[in-house]
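Subject: Structure handover and notes

Dear colleague,

Here is the structure I promised to pass on to you.

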Amino acid sequence: MHLATETLAGTVRITGVEAIPYALPYRRAPRFASGSVTTADNVLVRVHTDAGLVGQAEAQPRPYTYGETQTSIVAAVSGPLNGALAGVDPLRTELVAERCSRVAGNYVARGAVDLAVWDLAGQILATPCHTLLGGFADDVAAAHMVSLDAPAAMAEEAIEVGERLGVVTFKVKVGRAPALDVAAVRAIRDALPDADLYVDANRGWSYADAVRAGDALVELGVRAIEEPISIEDRAGRLRLADRWPVPLAGDESCISLAHVDRALEEGAVRVVSVKTARTGFTESRRILGLCLARNVPVVVGSQYEGAIGALATVTFAAAFASTAGRPAELTNFLDLADDLVVAGPVIRDGRAAAPAASGLGLEVDEDRLRRYRLDA
Ligand SMILES: [Mg+2]
């Protein structure tokens with residue numbers, strides 16, 4: 001291992017970035033207020049090098065949040081991002097970030113390229129990314145997102161996941177009619193009296209509905225309320241944040257370092273959701289620094305990534321003191337009926353372990369990739 005480090009560091013160059021669209025079937029498809037998915041139409045990003053090493057990561061298109069589609073992510077990765085990185089040493093992650101930042105927008109595409117380059121850096125140094133980022137803890141508590149459904153079905157899902165994985169923290173999707181949302185959270189609360197609950201409306205409520213639903217949900221003991229209303233209604237968000245005794249969490253309003261800075265300046269957002277799926281490791285780490293400086297808590301969030309994305313999420317969440325002590329959204333890759341990797345993160349007794357292998361610790365099963373890829 002030591003020999004490999006000495007021989008490879010500084011000698012490897014990126015030769016090309018490849019984007020492979022694929023679709024995975026769901027066992028239990030996610031549903032939330034801003035959209036839903038029936039299959040996981042993701043993109044596998046592969047950063048190739050002259051040493052034969054390949055860095056990999058997964059992009060999850062969310063057109064209702066970022067405007068990016070599977071097609072646009074493939075185009076951005078294989079086009080301008082591929083062009084930006086030719087000849088770059090993958091250990092120079094700041095240079096990679098600077099080159100990629102010349103491509104505007106395309107958060108998810110850029111985030112996946114950043115993760116894939118970090119995967120390469122870990123392989124070159126024969127070190128887990130988790131260690132390269134800071135290696136604060138070996139594991140982190142896992143939170144599960146409960147999708148929209150009938151209240152009884154949502155409670156059943158929470159019970160089942162709690163029993164199977166030992167998870168005690170649930171993010172409950174809301175953003176429908178207030179009475180239905182309150183019934184769903186009450187059903188989960190009744191089923192799991194000791195669980196930690198927070199909710200995510202994905203901007204689905206009107207201001208009036210947010211007042212009605214949010215007030216009742218606070219009574220039911222939810223710990224935070226994520227993106228209650230349109231992120232354009234800045235005055236309304238501020239009124240809600242001041243009204244509720246629990247924090248308003250920013251997600252769709254916090255999709256980049258600059259967005260987080262503006263959101264914190266405006267004052268409504270009092271917990272920030274950081275997702276490696278949109279800000280990679282490099283920009284996510286910058287967001288952590290900003291939040292630390294302002295004493296704003298961070299939740300490491302999920303946009304229903306598959307196992308490849310979940311490996312990146314747990315790597316990041318466990319690596320930092322400011323994230324490792326708080327449950328991270330890590331379990332929903334298990335909603336997929338199948339996946340591309342040989343093994344995803346291990347979740348046991350409610351905790352997810354950071355991968356111990358080099359890089360992101362992911363190994364793609366080429367047979368499954370052939371089965372699920374959409375371009376061949
Ligand atoms: Mg959210």
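Which residues are the protein donors of the magnesium ion, and how far from it do they lie? In this model, which is predicted, the donors are Asp200 through OD, Glu226 through OE and Asp251 through OD, and they lie 2.1 to 2.2 Å from the magnesium ion. Read along the chain, these donors follow the spacing D-x25-E-x24-D. Asp200 belongs to strand 8 (residues 196-200) and Glu226 to strand 9 (residues 225-226), so this pair ties together parts of the chain that are 26 residues apart in sequence. Asp200 is buried, its relative accessible area being 0%, and Glu226 also counts as buried, at 2% relative accessibility.

As for the overall build, the protein chain contains 16 helices and 15 strands. For its 376 residues, a compact globule would have a radius of gyration near 21 Å, and the 20 Å found for the protein chain agrees with that. Taken along the principal axes, the C-alpha atoms fill a box of roughly 60 × 40 × 40 Å. Of the 376 residues, 57% count as buried, and the accessible surface of the chain comes to about 14000 Å², with 52% of it belonging to carbon and sulfur atoms. Among the contacts with a separation of 6 or more, 74% are accounted for by residues 24 or more positions apart.

The aromatic side chains deserve a paragraph of their own. A search of the whole structure finds five aromatic pairs. One of them joins Trp118 and Phe281 in an edge-to-face arrangement, with 6.0 Å from centre to centre and 75° between the planes. Because Trp118 lies in helix 5 (residues 107-124) while Phe281 lies in the loop between helix 12 (276-279) and helix 13 (282-294), that pair ties together parts that are 163 residues apart in sequence. Phe281 also forms a pair with Phe316, and here the rings are stacked, at 6.0 Å centre to centre and 15° between the planes. Phe316 is in helix 14 (residues 307-319), so the pair with Phe281 ties together parts that are 35 residues apart in sequence. Trp118 and Phe281 are both buried, and Phe316 is buried as well, with a relative accessible area of 0%. Ring pairs link Trp118, Phe281, Phe316 and Phe320 into a cluster.

A ring is also involved in a contact with a charge: the charged end of Arg239 sits over the ring of Tyr207, 4.5 Å from the centre of that ring.

Finally, there are two backbone details to look at when you go through the loops. Most residues other than glycine have a negative phi. Ala126, however, has a positive phi, near 50°; this residue lies in the loop between helix 5 and helix 6 (129-133), and with a relative accessible area of 22% Ala126 is partly exposed. Arg203 likewise has a positive phi, near 65°; its place is in the loop between strand 8 and helix 9 (207-219), and Arg203 is partly exposed, with a relative accessible area of 23%.

Methods. Residues are numbered from 1 along each chain as its sequence is written. This is a predicted model: local features need pLDDT of at least 70, side-chain atom pairs count only at pLDDT 80 or more; totals for chains, interfaces and linings use all residues. Side-chain values use heavy atoms; hydrogens and water are left out. Rings of Phe, Tyr and Trp (its six-membered ring) pair if their centres lie within 6.5 Å; planes under 30 degrees apart count as stacked, over 60 as edge-to-face and the rest as tilted. Helices (H or I, at least four residues) and strands (E, at least two) are DSSP runs, numbered from the N terminus. Buried means under 20% relative accessible area, exposed over 50%, partly exposed in between (1.4 Å probe, protein chains only). A charge sits over a ring if NZ of Lys or CZ of Arg is within 6 Å of the ring centre and within 35 degrees of the ring normal. Donors are N, O and S atoms within 2.8 Å of the metal (3.2 Å for Na, K and Ca); water is not among the atoms, so sites may look incomplete. The radius of gyration is taken over C-alpha atoms; the globule rule is 2.2 Å times the number of residues to the power 0.38. Contact means heavy atoms within 4.5 Å. Accessible areas come from the Shrake-Rupley method with a 1.4 Å probe; for residues, only the protein chains shown count as cover.
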